[in-house]
Amino acid sequence: MAKNKSGSLDTNILLRLIVGDVPEQTAVIETLLTEATVLQVADIAIFETVLVLQSYYQFSREDIYGSLTAIVRHPKINCNHRLFEQAFTLYRQYPKLSLVDCALTLYAELNNASPLYTFDKDLAKSLANTQALS
Amino acid sequence: MYQTKITSQGTISIPAPLRKKYGLVSGDIVTLEDNGKITIQKSTDLASVRAQNAKYVVGKKPFIAKGGDGFTMHVLEKYGQK
């Protein structure tokens with residue numbers, strides 16, 4: 001494999017990096033991470049990874065936080081840091097909120113498009129920059 | 001609040017109390033984030049993340065996501081199947 005590669009990572013790559021349940025694939029990805037200069041991860045791959053960890057592997061919220069912040073902070077991985085650093089902090093802080101709830105509120109804030117209108121009263125009660133519609 | 005001087009090569013030292021507080025040792029990799037100010041965060045080794053997560057793998061086949069079925073599975077679990 002050529003060194004100084006770049007490219008993007010999909011959901012399965014993130015799952016194998018976090019869960020390690022296909023060791024030979026994890027080894028291939030670790031080699032890629034070593035040799036690459038930077039690898040992109042799209043927002044949607046992070047969301048799908050969290051949903052699989054939560055629904056299929058039954059990860060605790062704390063372990064999802066720990067695993068995904070390790071991905072987001074990895075020196076070779078480039079993603080929407082500004083969104084996810086804050087989103088995972090909120091996700092850890094508010095057990096009733098999903099990562100999607102936290103991220104939608106932050107998308108609104110980061111795009112100067114607050115408040116986030118919602119019918120979800122838990123969300124509106126928990127986070128500033130949200131407004132419940134009745 | 002701590003102050004540290006930038007050398008001519010652009011390197012800085014992290015003060016000892018902060019290294020101790022955040023468990024930073026020689027050889028650790030940190031991430032610098034540009035978010036209007038510079039934030040330094042300790043990077044976590046992914047092998048230790050996997051070791052921590054090994055308990056979730058027992059008795060489960062690897063999940064291979066295809067065509068967004070990570071989303072589908074979650075939606076069916078949360079909202080039920082018609």
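Author: Before the pattern of a chain can be read, one needs to know that helices (H or I, at least four residues) and strands (E, at least two) are DSSP runs, numbered from the N terminus. With that in hand, and remembering that this is a predicted model, we can follow chain A along its sequence, where the pattern is β-α-α-β-α-α-β-α-α-β-α-β.

Reader: How many helices and strands does the secondary structure of chain A come to?

Author: The secondary structure of chain A comes to 7 helices and 5 strands, and the C-alpha atoms of the chain fill a box of roughly 55 × 30 × 20 Å along the principal axes. Of the 134 residues in chain A, 38% are buried. Among contacts in chain A with a separation of 6 or more, 52% are between residues 24 or more positions apart.

Reader: Why is helix 1 of chain A called largely enclosed?

Author: A residue is buried if 20 or more other C-beta atoms lie within 10 Å of its own, and 9 of the 9 residues of helix 1 of chain A are buried, so this helix is largely enclosed by the rest of the structure. The buried residues include Thr11(A), Asn12(A), Arg16(A) and Val19(A), and what they pack against comes from both chains, namely helix 2 (23-35), helix 3 and helix 4 of chain A together with helix 2 and helix 3 of chain B. After helix 1 of chain A comes Gly20(A), which has a positive phi, near 70°.

Reader: What makes helix 1 of chain A roughly perpendicular to helix 2 of chain B?

Author: Helix 1 of chain A and helix 2 of chain B have axes 6 Å apart and pack at an angle of about 75°. Angles from 65 to 115 degrees count as roughly perpendicular, so helix 1 of chain A is roughly perpendicular to helix 2 of chain B. Leu17(A), Ile18(A) and Val19(A) make this contact from helix 1 of chain A, while Leu46(B), Val49(B), Arg50(B) and Asn53(B) make it from helix 2 of chain B. By class, the residues of this contact divide into 5 nonpolar, 1 polar and 1 charged.

Reader: Why are helix 3 of chain A and helix 3 of chain B called oblique to each other?

Author: Their axes come within 8 Å and cross at roughly 50°. Angles under 35 degrees count as roughly parallel and those from 65 to 115 as roughly perpendicular, so helix 3 of chain A and helix 3 of chain B are oblique to each other. The crossing of these two helices is left-handed. Glu48(A), Leu51(A), Val52(A) and Ser55(A) in helix 3 of chain A meet Gly70(B), Phe71(B), Met73(B), His74(B) and Glu77(B) in helix 3 of chain B, a contact that has 4 nonpolar, 3 polar and 2 charged residues.

Reader: What makes helix 5 of chain A and helix 6 of chain A oblique to each other?

Author: Helix 5 (residues 81-93) of chain A and helix 6 (residues 99-110) of chain A pack at an angle of about 135°, with their axes 9 Å apart. An angle has to be over 145 degrees to count as roughly antiparallel, and 65 to 115 is roughly perpendicular, so helix 5 of chain A and helix 6 of chain A are oblique to each other. Their crossing is right-handed. The residues that meet include Leu83(A) and Tyr91(A) in helix 5 of chain A, and Cys102(A) and Leu110(A) in helix 6 of chain A. By class, this contact has 10 nonpolar, 1 polar and 1 charged residues.

Reader: Why is Gly66(A) called partly exposed?

Author: A residue is buried with 20 or more other C-beta atoms within 10 Å, and exposed with 12 or fewer; Gly66(A) has 19, and is therefore partly exposed. Gly66(A) lies in helix 4 (residues 61-72) of chain A, and, leaving aside its neighbours within four places in sequence, it is in contact with Val49(B) and Gln52(B).

Conventions:
Residues numbered from 1 in each chain as written. Chains lettered and ligands numbered in written order. Predicted model: local features only at pLDDT ≥ 70, side-chain atom pairs only at ≥ 80, totals over all residues. Axes fitted to C-alpha atoms, helices over the stretch in contact; angles between N-to-C directions. Left-handed = near helix turned anticlockwise from the far one by under 90°. Contact = placed C-beta atoms within 7 Å. Nonpolar A, V, L, I, M, F, W, Y, C, P; charged D, E, K, R; others polar.
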